[in-house]
Amino acid sequence: MTPPTTPGSPTPGGDDQPKDPFEALFEQLGLTGAGGQVDFNELAARLQQMLGAQGGEFPGGLLAGGPFPGFGGFPGLSGMPGSTGAGEQPEGGSLNWTQVRQLTRQLSAQAGPDPTPTLHDQSAVQSAVRLADLWLDEVCEFPQVASTPQAWSRAEWIESTVASWKPIVDPIIGSLADAMMGLLTQQQAELPADDPMAGLTQMLAPMMKQMAAGMYQLQFAQALASLSGKVVSGAEIGFQLLAEPRVTILPKNVQDQFGELELPLDDVRLYLTLRESARQRLFAHVGWLGPQLLAYVEHYARETRIDQAAVESVFDFDEMEQMTPQRMQELSEQLQGKLFEPSRTPEQVEVLGRLETLLALTEGWVDELVAKAAGRYMPNHAALAESWRRRRGAGGPAEEVFASLVGLELRPRRMRDAANLWAAVTELRGQHERDRLWSHPDLLPTAAALDDPMGFATPEAEAPAEGDEMDRALAQLLAEESDKPEG
C-alpha cells in the first residue's frame, strides 16, 4: 500500500523498501481502503470506540489540519482555546501567545473601563518621576533609569508583560498533559491485551497536550486579566516583567486601588512612583536579579505536580468527541484551585525558601530607600507607608496570581525583617556599602541574617586576605635574603 504522505513528500516505491511504521499499524488494524489508502472514517470510528463513544463522527475540526491529507491527525482541536488554527503557529512553547494576549485583554476589558492615559496623565507621571529621582539620588548609589517614564492602561501593561510568563507556563502545561495521558493510559489498559487500538495511544499524546494548553490558557488569561486590574506599576509584584527597566504607573488602577484613602491622590501617586523608581533602579543595575527571581519561579513550576484525581473528577474521555470551547471553559473553571497537588517536593521547599528570601531583600531594600527619601520631604509619608503595608499584608497581587498559575503559595513575610536589616546596614556601614552588597549574589544577606539584622550589619575587623599573607611572606623572605652577607 502507499502510506499516507504530506504534500510534497516523496512517495516510496518498491516492495523491498522498509514499511512506514504507520503503514504497518494501519495494515494491522485493517484500516486500508480502496487503492491501499487509509480509510480515515473507519479510523475515526475506531478512535471513538477506544474512547468510549457510542457512534457518530468526530465533530468538524477535531481531527482537521494535521499531517495527513484529508485527516487532521493530531493535534487538531481546531477552533478550541489553545489551538493554533489554520496556517497559524504558536509563537513559542505550548500556547498560542497571540490568542493569550487577545483573550487576556478581552477579559480585562470586561472588568470595567480601561481608558488610554491622557497627555495630562503622562505629564503627571513624568513630573512625579523627576521629583522621585531627585530624592532617590540622595539615598541611593544606583543612577536613574534612562528610559522615558510612561503612564499605562491595563491593556498596555498586558501587552508589555505577557511574554515574560512563557518559561513559567510551559512546564505546567506539560505536567497537565502528562496527567491527562496518564488517565488515558489507565483507560486503555482496561482494553483486551490483543486489541490493536493500543498502538494508537501514543498518537493521542499531541492531542492531550493541545487540550491541556486549551484548559490552562483560559485559567492563565483569567489570572493575568485579574492581575492587570490590581497592579499600580510595572513591577509592583516584585518581579521584572518588562523588557527593559522603565518606570510605569497605571493611573486608573491607582485611582481604583487608593482613591478611597483620605490622602491627596497626587501624594499617593508620588509615593508609588518612589517605590517603582527605586525598584527599577535596582533591576537596571543589578543585572542578575530579575532573571534570578524568574528562574526560581520557573524551577518551582518544573517541579509542580498536577493533582491527577482532580483532573479525573472533571474530565471524561468519553466526551472528547463533544468537546467545545464552552465545555473547555467549564473544565478550566472546575479545576480552579484544584489543579495542583497540595504537597511540595523537597526541591520545591528549598526553591521557595530562596525565592522568598530574595523577594524580601528586594522589597525590603525598596522600603528602606523610600522611607529615607519620603521621610525627608513628605509629611504624610507614615500614613502612605502604612496603607502600603496593609495592602501587602492582605495578600498582594503577586500572591494571588502565582497561587493560581503555579500553585506557588508566596508569602514573603520577612520583608519587614529585610527592611530592618538594610536600615541597620545603612546606619552602621553606609549606603555605599549597602548597595555594594548587590554586586554579587554571594554577598547578599541570607535567611539566617534576617534573623539577626544587627549581627549582619555590625562591621567586623577585616581579616587579612590570603593574597596579602602571601605578599607579606614573600617580602619577609626577600628581606632575609638581602640581609645575608655576600660571598
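The structure is a predicted model, in which local features need pLDDT of at least 70 and side-chain atom pairs count only at pLDDT 80 or more, while totals for chains, interfaces and linings use all residues. Residues are numbered from 1 along each chain as its sequence is written, and side-chain values use heavy atoms, with hydrogens and water left out.

**Exercise 1.** Determine how H10 and H13 are oriented to each other.

*Solution.* Helices are DSSP runs (H or I, at least four residues), numbered from the N terminus. Helix H10 (residues 289-302) packs with H13 at an angle of about 155°, and their axes lie 9 Å apart; axes are lines fitted to C-alpha atoms, over the stretch in contact, and angles run from 0 to 180 degrees between N-to-C directions. Angles over 145 degrees count as roughly antiparallel, and H10 and H13 are therefore roughly antiparallel to each other.

**Exercise 2.** Which residues of helix H5 (residues 154-161) are buried, and where do they sit around the axis?

*Solution.* Buried means under 20% relative accessible area (1.4 Å probe, protein chains only), and the buried residues of H5 are Arg-154, Ala-155, Trp-157, Ile-158 and Thr-161. They cover an arc of only 160° around the axis, which puts them on the same side of H5; the arc is that of the directions from the helix axis to the C-beta atoms.

**A further pair.** The axes of helix H13 (residues 346-377) and helix H16 (residues 415-429) come within 7 Å and cross at roughly 55°.

Notes:
Helix = DSSP H or I, 4+ residues; strand = E, 2+ residues; numbered from the N terminus. Buried < 20%, exposed > 50% of the residue type's maximum accessible area, 1.4 Å probe, protein only. Parallel < 35°, antiparallel > 145°, perpendicular 65-115°, else oblique.
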